[in-house]
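Q: Can we go through a structure together? I'd like to talk about helix packing and a pocket.

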Amino acid sequence: MMLSEQTCTMEQQELVNGLLAEQKYINPKFFYDKRGSELFEEITKLKEYYPTITERNLLTQYSSEIASFITSSAVIVEPGAGSCEKVQLILDAIRPKAYLPQDVSRRFLEAAVVNLKQKFPWLSIEPIVSDFSKPLQIPEDHRDDQLFVFYPGSTIGNFEPNDAVKFLKNMRQLVNEKGGVLIGVDLQKDVSVLEAAYNDSKDVTAQFNLNILNNVNRHLNSNFDIKTFTHKALYNTELNRIEMHLISTVAQSYNILGHEISFNQGETIHTENSYKYSLACIDKLAEETGFKRVKTWTDAKNYFSLNFFQSV
């Protein structure tokens with residue numbers, strides 16, 4: 001007997017819909033259970049994964065310049081803050097009025113805040129526990145403050161282009177005409193560099209990708225066998241994006257919430273995109289969303305960019 005949609009949670013229905021699609025997919029938000037978050041932190045330390053170390057170097061090198069754009073009377077908001085590591089590189093230079101980290105994982109965020117308070121006892125920190133996909137609710141006592149969004153890590157590349165525009169329009173509404181956004185954006189570059197970053201020699205990215213099925217199993221009470229899937233990441237030159245897939249190594253079938261979900265050998269589940277931008281594309285993104293790119297910092301190889309968008 002097929003279960004009706006009413007008996008499913010919204011997340012279960014979202015997962016089932018993706019697995020029933022012609023090109024099966026899983027929303028990348030399901031990467032981030034506890035183990036997924038731990039694996040991603042490990043990925044950011046890999047030698048092949050240039051974005052994190054490059055961005056950290058930019059934040060450290062240019063912290064004083066960044067502070068010239070974000071005043072000490074401002075409140076910094078960080079959507080999807082995770083471990084709150086990168087913001088620590090600019091806090092002393094800016095010394096903001098308050099820092100509002102947002103994340104869906106209460107335990108992960110609370111642990112990060114404890115660590116931050118030890119390192120920056122002078123800083124007012126007010127964590128926001130909420131779903132990343134929903135509008136941010138700023139605490140009432142900060143709604144009249146000058147707000148700046150800190151959005152590092154090239155996460156904007158994980159959005160489909162239309163969704164990236166929608167997200168930044170929401171950020172523009174959040175910070176209104178007084179604020180701005182400091183945003184990390186990965187740049188277009190040699191395909192070999194890009195593919196190596198998502199197919200690391202230690203297979204940590206593969207573990208991260210495969211772990212999404214463990215999280216799906218918990219959400220759906222399903223029994224996907226991760227041993228029958230392999231990781232693949234490739235660069236789509238036409239769309240300027242890295243694509244991550246899970247490949248079924250055998251023909252297999254699962255009954256999930258009354259639906260039969262079958263895989264042919266070699267069929268894939270699309271788990272993530274990571275779009276890469278040119279500076280011209282970044283300008284277009286800013287202009288479409290109510291901002292102007294007023295400053296960009298890049299590394300010597302032009303692998304990665306840190307951009308300051310001012311509201312207009």
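A: One term to begin with: helices here are DSSP runs of H or I with at least four residues, numbered from the N terminus. The model is a predicted one.

Q: Pocket then. Which helices each supply at least two residues of the lining of the second largest pocket?
A: Helix H7, residues 161–175, and helix H10, residues 279–288, each supply at least two.

Q: What volume does that second largest pocket have?
A: About 250 Å³.

Q: And how many residues line the second largest pocket, and which lie nearest its centre?
A: The lining has 14 residues, and those nearest the centre are Pro161, Tyr277, Cys281, Lys284 and Leu285.

Q: What's the lining of the second largest pocket like by class?
A: Eight residues are nonpolar, three are polar and three are charged.

Q: Is the crossing of H2 and H9 left-handed or right-handed?
A: H2 and H9 cross in a left-handed way.

Q: Which residues meet there, in H2 and in H9?
A: From H2, Arg35, Gly36, Leu39, Phe40, Glu42 and Ile43; they meet Val204, Thr205, Gln207, Phe208 and Asn211 of H9. By class, this contact has five nonpolar, four polar and two charged residues.

Q: What about H1 and H9, what's the angle there?
A: H1 (residues 10–20) and H9 have axes that cross at roughly 125 degrees and come within 10 Å. H1 is therefore oblique to H9. The crossing of H1 and H9 is left-handed.

Q: Which residues of H1 and H9 meet?
A: In H1, Glu11, Gln12, Leu15, Val16 and Leu19 meet Val216, His219 and Leu220 in H9. The contact of H1 with H9 divides into five nonpolar residues, two polar and one charged.

Notes
Residues are numbered from 1 along each chain as its sequence is written. This is a predicted model: local features need pLDDT of at least 70, side-chain atom pairs count only at pLDDT 80 or more; totals for chains, interfaces and linings use all residues. Side-chain values use heavy atoms; hydrogens and water are left out. A crossing is left-handed if the near helix is turned anticlockwise from the far one by less than a right angle, and right-handed if clockwise. Contact means heavy atoms within 4.5 Å. Ala, Val, Leu, Ile, Met, Phe, Trp, Tyr, Cys and Pro count as nonpolar, Asp, Glu, Lys and Arg as charged, and the others, Gly among them, as polar. On a 1 Å grid over the protein atoms alone, a cavity is a set of points where a 1.4 Å probe fits but cannot get out, and a pocket is an open set with protein on both sides within 12 Å along at least five of seven lines; lining residues have an atom within 4 Å of a point. Grid points are joined across faces, edges and corners, and a volume is the space filled by probe spheres set on the points. Axes are lines fitted to C-alpha atoms, for helices over the stretch in contact, and angles run from 0 to 180 degrees between N-to-C directions. Angles under 35 degrees count as roughly parallel, over 145 as roughly antiparallel, 65 to 115 as roughly perpendicular and the rest as oblique.
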